[in-house]
Amino acid sequence: MEVTARAPGKIILAGEHAVVHGYTAVASSIDLYTVFSIRLRSEDDDTVNLKLNDIGLDFSWSVRRIKEVLSHLGSPFSSTPTSCSLETIKSLATLVDEQSFPETKIGLASGVYAFLWLYTSILGFKPATVTVSSELPVGAGLGSSAAYCVSLSAALLALSDSVKLDVSQKGWSTFNETEAELVNKWAFEGEKIIHGRPSGVDNSVSTFGNVIKFKSGVMTRVNSNMPLRMLITNTKVGRDTKALVANVSARKSRHPDAMCSVLNAIEAISDEWSTIIQSHAVDDLYLSANEEKLGELMEMNQGLLLSIGVSHASIENVLQTSMKYKLASKLTGAGGGDISGEVIDKIVEELGSFGYQSFTAGIGGKGVQISFDHSS
Ligand SMILES: Nc1ncnc2c1ncn2[C@@H]1O[C@H](COP(=O)(O)OP(=O)(O)O)[C@@H](O)[C@H]1O
Ligand SMILES: C[C@@](O)(CCOP(=O)(O)O)CC(=O)O
Ligand SMILES: [Mg+2]
C-alpha cells in the first residue's frame, strides 16, 4: 500500500514577521500543493530512500546506519511531538554529509534533516521509499517548508499507530480535528528545524486550510465573505526565511521601542484585514470600497515591512511596476482593488521582462488531505 498526503501552500495577507513576535497575522491557503508519498518496503530490505523530485536529489540510507547515528536517543521514541535537539541535528547532518550533499544546494539540507527527524520520530526505523514533489516554488514566501512538513507528517502519521484512518476510503480524505492537530504539531517541529523560530502560522494554515488569524500560537478561523483574487509574483531572488527572521529579531533588540510601535501597527492592519473580509457586502459599491481599503492596508503593511528590513530591491521593483497599474502590492503577494483581465496580462508581461514569474492562485480551500493506494 502507498500512502499519499498533500498539503497546500499559503499566502500571508497581513502580519508576516510580526507574527513571530506574538502579533496577529492573517493567512490563507492557496491551491498549490506539496505531495509526499510513502511506500513501506519489506522488513528485510534495510533501506530508507528519499526522492526530492523538485530539487533533483535522491538519498538512500540503510536503516542500520540511521539507528547507529541516532543511538544516543534511546528507544522507544516519544509518540508526542518532540523538538529536535541541536545535538541530534548534528547527528542528522552526519547522515546527510555521508550522502555527499551538493555544495550548491546546501541551503536545502535542513529540509532533509526535518525529514529524518519526523520520519524516525513518527515511524521509527522502517524501510520505505518516500517521494516528494511540489507545485510550490521552494523558498519564495509561499510556505513550501510548511507544506513539506505538513504533508510529510500527515503521510507518516497515516502509517503509524497514532491515528486510526479508514484505509479503504477512495480518493482524498481529511483528518478529524484531533488528528489534524497532531499533524500540525509534528509539522511545527519540522518547521523549527528549517526556520529556527517559526511562528506556526504557515503549518497551521497548511493543515487546516481556508483563512486563519494567528496570534501567539493560537489559531482562529476566519470566515471570509470576500472573493479574493491575488496575483503572485516570484522574483526568483533566493532568500532564506531563517536568516530574515533572525535579522528582524536582531533589529528588535537594537530598537525595542521603535520596533514595538511598528509591530503594533502591523497588528492593527491584520485586525482590520480580518474585519473587512468577514463583512458581508451589501452591494457592489460596498465591495469595491472594501477592496480599496484592503489595497491601502497592503501598501501600509509593505511600508512597515520595509521599515523592519525585509524588503528587497526586486520586491520594490514589483511594487513600482504594479503601482503604474494602480495595483497595491506587498511582499509575498499582490492584489487589492478591482482590475480587469487585460491589466493583469499587461502587468504580468512587464514583470516577466525582469525575469519574474507571475501567476494567479486560488485563495482558501482545504488543508491537508490523505489518500491510500492499494493497487500495488
Ligand atoms: N518540495 C521540496 N523539496 C525539498 N525541500 C523542500 C521542498 N519544499 C520545501 N523544502 C524545504 O524548505 C526550505 C524552504 O523554506 P523557506 O525558506 O521557509 O521558504 P518557503 O517556505 O517560503 O518556501 C527549503 O530550503 C527546503 O529545505
Ligand atoms: C516570516 C514569517 O512570518 C513567514 C515565513 O513564510 P515563508 O517561509 O517565507 O513562506 C515567519 C513565520 O511566521 O514563521
Ligand atoms: Mg517557510
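Student: Which helices each supply at least two residues of the shell around ligand 2?

Tutor: Those are α6 (201–208) and α7 (241–254). Helices here are DSSP runs of H or I with at least four residues, strands are E runs of at least two, and both are numbered from the N terminus. This is a predicted model, where local features need pLDDT of at least 70 and side-chain atom pairs count only at pLDDT 80 or more, while totals for chains, interfaces and linings use all residues. Residues are numbered from 1 along each chain as its sequence is written, and chains are lettered from A and ligands numbered from 1 in the order in which they are written.

Student: How many residues surround ligand 2, and which are the closest?

Tutor: 15 residues surround it, and the closest are E16, G143, P198, S199 and T241. A residue is near a molecule if its C-beta atom, placed from the backbone, lies within 6 Å of it.

Student: And which come nearest to ligand 1?

Tutor: G111, S134, S144, S145 and T241, out of 23 residues around ligand 1. Two or more residues of that shell come from each of α3 (109–123), β5 (128–134), α4 (144–159) and α5 (177–195). The largest share, three residues, is from α4.

Student: What about the classes in that shell?

Tutor: Around ligand 1 there are nine nonpolar, 12 polar and two charged residues. For ligand 2 the shell has six nonpolar, seven polar and two charged. Ala, Val, Leu, Ile, Met, Phe, Trp, Tyr, Cys and Pro count as nonpolar, Asp, Glu, Lys and Arg as charged, and the others, Gly among them, as polar.

Student: New topic: what does α9 span?

Tutor: Helix α9 covers residues 284–307, 24 residues in total, and reaches 35 Å from its first C-alpha to its last. That is close to the 34 Å expected at 1.5 Å a residue, a figure taken as 1.5 Å times one less than the number of residues. Just after α9, G309 takes a positive phi of about 90°.

Student: Which of its residues are buried?

Tutor: In α9, E291, L294, L297, M298, N301, Q302, L304 and L305 are buried. Buried means 20 or more other C-beta atoms within 10 Å of a residue's own, exposed means 12 or fewer, and partly exposed is in between, with C-beta atoms placed from the backbone.

Student: How much of the whole protein is buried?

Tutor: Buried residues make up 43% of the 376 residues. The protein has 11 helices and 12 strands, and its C-alpha atoms fill a box of roughly 65 × 50 × 40 Å along the principal axes.
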